[in-house]
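The structure under discussion is shown below.

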Amino acid sequence: MKQVNILLKSTGEIKRIIRDKKMTITEYTDILDCDYIDIKGLKLDELNLNISLVFDDEFLFTDKAINKKASVLFGYKQHREVLCGDVLIQKDIETPEGIIAVGFSEEEARLVEEYVEHLEYNNINFIKQEPCTKFIPF
């Protein structure tokens, strides 16, 4: 079965990436043009979907542009932290082994794309947070 993954380009463009199976780490890093990824799960209550945002784990140390649509999805209005570069959206499903990210069905992808297209961000002043490292002794 085809799985539709949604790529939010930092330019604002939305692109579909279609695969026959779950993507590998190498595919993620190739698509996102990075060495390491991070994944943030969240709930789209309006669509009753659990999703994951897959992004460059080291974006704060690069000159990648702020991804406004992904930052709004990520919760910028609440915590003032942006995402930079391209960001992949996938669906989260619960399995006996835990939660995994997979592609959307055609209908789910259409709904997510519509939702993302209507995100309001024109009146938001996005500021890229400073990178920091915090060591916690234990």
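## Pockets

Strand β3 gives the most to the lining of the second largest pocket, with 3 residues; helices (H or I, at least four residues) and strands (E, at least two) are DSSP runs, numbered from the N terminus. The model is a predicted one, in which local features need pLDDT of at least 70 and side-chain atom pairs count only at pLDDT 80 or more, while totals for chains, interfaces and linings use all residues. Residues are numbered from 1 along each chain as its sequence is written, and side-chain values use heavy atoms, with hydrogens and water left out.

The second largest pocket holds about 230 Å³ of space and is lined by 13 residues, of which V72, L73, Q78, Y115 and L119 lie nearest its centre. Two or more lining residues come from each of β3, α2 and α3 (76-79). By class, this lining has 6 nonpolar, 2 polar and 5 charged residues. The largest pocket has a volume of about 300 Å³. Its lining comprises 14 residues, with D57, F59, L60, E81 and Q129 nearest the centre, and divides into 9 nonpolar, 1 polar and 4 charged.

On a 1 Å grid over the protein atoms alone, a pocket is an open set of points where a 1.4 Å probe fits, with protein on both sides within 12 Å along at least five of seven lines; lining residues have an atom within 4 Å of a point.

## Helix α1

Within α1 (residues 25-32), E27, Y28, T29, I31 and L32 are buried, that is, under 20% relative accessible area with a 1.4 Å probe, protein chains only. These buried residues pack against β1 (3-8), β2 (14-19), β3 (37-44), β4 (49-56), β5 (87-95) and β6 (98-102). D33 follows α1 and has a positive phi, near 55°.

## Lysine 91

K91 is located in strand β5. K91 counts as buried because its relative accessibility is 18%.

Definitions and conventions: Buried means under 20% relative accessible area, exposed over 50%, partly exposed in between (1.4 Å probe, protein chains only). Contact means heavy atoms within 4.5 Å. Grid points are joined across faces, edges and corners, and a volume is the space filled by probe spheres set on the points. Ala, Val, Leu, Ile, Met, Phe, Trp, Tyr, Cys and Pro count as nonpolar, Asp, Glu, Lys and Arg as charged, and the others, Gly among them, as polar.
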